[in-house]
Amino acid sequence: MGIARLGDVDIHYDTFGESGPAVLLVMGLGSRGDNWTPISRALAGRGFRAIQFDNRDVGRSSRVSGGSYEIADMAADAVGLLDHLGIPEARLVGISMGGMIAQEIAVRYPERLSRLVLLATSAGGDLARKPEGAILSELTALARGGDHAAAEARLASFYRAITGPAFVQKYPELLDMAITSTLEGAPEVDGLLRQIQAISRFSVWDRLGDVRAPTLVLHGDADPLIPHENGELLARRIPGARLRTLPGVGHLVPLEAPLETYGALLDFLA
């Protein structure tokens with residue numbers, strides 16, 4: 001593990017594997033990079049060098065005081081981390097907001113990636129299919145103040161709302177583990193709002209035709225937060241992109257479908 005000092009921002013990262021092709025894994029809204037750890041370890045076991053990190057305002061990376069930032073700033077953090085590690089080119093995997101960061105890298109820094117995997121994400125803009133109002137209410141509730149118990153209750157409600165219909169009933173213990181992990185090092189309210197606002201302003205739709213890296217889009221057909229139609233739009237818009245649909249899977253793809261996710265990543269990244 002280490003810290004990359006990038007201007008005024010410190011980015012905390014962990015690496016798995018000493019050598020091999022680099023895979024940069026980019027996490028979503030308010031979530032620490034170590035949520036990738038099972039996949040990072042598995043990739044390292046197959047000869048890759050996996051790198052996971054905390055986005056700004058999350059975990060052990062810098063909290064940004066005041067002002068706002070864009071998805072493009074978070075993409076610059078990720079590229080700065082590659083510079084810090086001396087990696088000229090990487091395979092890139094992003095989920096949800098992390099998928100938006102990955103798209104921004106693909107259009108702004110095309111020379112820095114050789115392959116692109118987009119999980120449960122959207123290109124933003126007016127064409128994006130938005131979640132239902134009830135899901136938006138669950139999302140905005142996360143940014144309310146309050147004590148630890150209130151934050152835990154809101155996050156539990158949110159995770160139950162965005163996972164596939166059978167997941168909570170079958171695997172309540174996995175959901176509890178995800179909630180506990182997310183609460184540790186979660187953004188402060190202002191930081192979460194900054195990330196939500198950056199997502200709301202994000203759009204790369206007009207630039208996706210310029211993506212040249214081979215691309216895999218992985219999306220659950222029961223995702224209520226970023227509906228499956230967004231994955232279909234990405235696959236149609238990015239030249240040569242492939243769409244793999246996961247039946248019955250909601251938004252938390254690696255948690256809900258770990259074997260399918262890892263198998264798809266390994267097949268594509270190799």
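**Notes on the model**

1. Tyr171 is partly exposed, with a relative accessible area of 37%. This is a predicted model, and the points below should be read as such.

2. Phe167 has a relative accessible area of 6% and is therefore buried, the cut-off for that class being under 20%.

3. The structure holds 2 aromatic pairs. In one of them, the rings of Phe158 and Tyr159 have centres 6.1 Å apart and planes at 40°, so this pair counts as tilted. The rings of Phe167 and Tyr171 also form a pair, with centres 5.6 Å apart; their planes lie at 45°, so the pair is tilted.

4. Phe158 is counted as buried because its relative accessibility is 6%. Tyr159 is likewise at 6% relative accessibility and counts as buried.

5. Helix H1 covers residues 37-45 and helix H11 covers residues 258-269. The two pack with their axes 11 Å apart, at an angle of about 40°. H1 and H11 are therefore oblique to each other, since angles under 35 degrees would count as roughly parallel and those from 65 to 115 as roughly perpendicular. The crossing of H1 and H11 is right-handed.

6. Which residues of H1 and H11 meet? On the H1 side they are Ile39, Ala42 and Leu43; on the H11 side they are Thr261, Tyr262, Leu265 and Leu269. By class, the contact of H1 with H11 has 6 nonpolar residues and 1 polar residue, with no charged residues.

Notes:
Residues are numbered from 1 along each chain as its sequence is written. This is a predicted model: local features need pLDDT of at least 70, side-chain atom pairs count only at pLDDT 80 or more; totals for chains, interfaces and linings use all residues. Side-chain values use heavy atoms; hydrogens and water are left out. Axes are lines fitted to C-alpha atoms, for helices over the stretch in contact, and angles run from 0 to 180 degrees between N-to-C directions. Helices (H or I, at least four residues) and strands (E, at least two) are DSSP runs, numbered from the N terminus. Angles under 35 degrees count as roughly parallel, over 145 as roughly antiparallel, 65 to 115 as roughly perpendicular and the rest as oblique. A crossing is left-handed if the near helix is turned anticlockwise from the far one by less than a right angle, and right-handed if clockwise. Contact means heavy atoms within 4.5 Å. Ala, Val, Leu, Ile, Met, Phe, Trp, Tyr, Cys and Pro count as nonpolar, Asp, Glu, Lys and Arg as charged, and the others, Gly among them, as polar. Rings of Phe, Tyr and Trp (its six-membered ring) pair if their centres lie within 6.5 Å; planes under 30 degrees apart count as stacked, over 60 as edge-to-face and the rest as tilted. Buried means under 20% relative accessible area, exposed over 50%, partly exposed in between (1.4 Å probe, protein chains only).
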